[in-house]
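Hi,

Here is the model we talked about, with my notes below it. Have a look at the structure before you read on.

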Amino acid sequence: MRIEKIEKNRIKVTLTDAELEDMNINIGMLVENSSEVDNFLVEIMDIIKAETGFCAENAQTVIEAIPEKNGVVLLVSKIPQRRNIHGIRAVRRDETCILEFESFDDVCEMIVHLPAETLEKMRLYGILDRFYITTGRKNITALMYEYCTKCKKNSTAEARLGEYAAMIADGKALAKIALNAKKLK
């Protein structure tokens, strides 16, 4: 493991595939929110703090995982808190939600119940043995929770999916898949 302090609030950690394996982590797992990944990141942050004095406690922290040929690079950025800002109103964008499915059958079971207009605002991705649908937070319905195993509300996770996962279908193609799946029933 190589740790480099890039800037005051930014650290670069380079891990080899062997080091990831020793920590029971593979690159595909870094896309997921799981206790294994959480424990891995806490361990990495403890090592960073011990070796560099970089402390991200009580601060918003962003960790980016960038796959490399023989491992992964983690870019850890601490976002400084701004105080005493007056007269600025935060505008909340439509948050992206990512629905995770254990099988393509679960995806099909869900999409046959959704109108084409909703499906056209979604994208279907596949990575390893999982499937993911991304959509705006406004499009989430209770029905969707019945078929997915997780729902993440994270816009950076969509960027990671776009980078590491294969996009299987955009909205219009997803609507066609739903139409064909309805015919099979």
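Let me start with a pocket: helix H2 (residues 35-52) contributes the most to the lining of the second largest pocket, giving four residues. Helices here are DSSP runs of H or I with at least four residues, strands are runs of E with at least two, and both are numbered from the N terminus. Before going further, note that this is a predicted model: local features need pLDDT of at least 70, side-chain atom pairs count only at pLDDT 80 or more, and totals for chains, interfaces and linings use all residues. Residues are numbered from 1 along each chain as its sequence is written, and side-chain values use heavy atoms, with hydrogens and water left out.

Back to that pocket. Its volume is about 160 Å³, and the residues lining the second largest pocket are Val42, Met45, Asp46, Lys49, Phe54, Cys55, Ala56, Glu57, Ala59 and Thr61. (A pocket is an open set of points on a 1 Å grid over the protein atoms alone, where a 1.4 Å probe fits, with protein on both sides within 12 Å along at least five of seven lines; lining residues have an atom within 4 Å of a point. Grid points are joined across faces, edges and corners, and the volume is the space filled by probe spheres set on the points.)

One of those lining residues, Thr61, sits in strand S3. Thr61 is partly exposed, at 30% relative accessibility (buried is under 20% relative accessible area, exposed is over 50%, partly exposed is in between, with a 1.4 Å probe and protein chains only). Setting aside neighbours within four places in sequence, Thr61 touches Met45, Ala56, Val76 and Ser77, where contact means heavy atoms within 4.5 Å. Thr61 and Ser77 are 16 residues apart along the chain, with their C-alpha atoms separated by 5.6 Å.

Now the charges. There are four salt bridges in the structure, each a side-chain nitrogen of Lys or Arg within 4 Å of a carboxyl oxygen of Asp or Glu. Among them, Arg10 pairs with Glu64, with the closest N and O atoms 3.4 Å apart. Because Arg10 is in strand S2 (residues 10-16) and Glu64 in strand S3 (residues 60-68), this pair ties together parts that are 54 residues apart in sequence. Another one joins Arg130 and Glu100, at 3.5 Å from N to O. That pair also links distant parts of the chain, with Arg130 in strand S7 (residues 130-136) and Glu100 in strand S5 (residues 96-101), 30 residues apart. Glu100 is buried, at 2% relative accessibility, whereas Arg130 is partly exposed, at 23%. Through shared partners, salt bridges join Glu100, Glu102 and Arg130 into one network.

Last, helix H7. Which residues of H7 are buried? They are Gly171, Leu174, Ala175, Ala178 and Ala181. These cover an arc of only 125° around the axis, so they lie on the same side of H7 (the arc is taken from the directions from the helix axis to the C-beta atoms). In general, an α-helix has 3.6 residues a turn, so residues three or four places apart point the same way. The face of H7 turned away from its buried side carries the exposed residues Lys172, Lys176, Lys183 and Leu184. Covering the buried residues of H7 are elements including helix H3 (104-111), helix H4 (116-119), strand S6 (123-127), S7 and strand S9 (166-169).

Cheers
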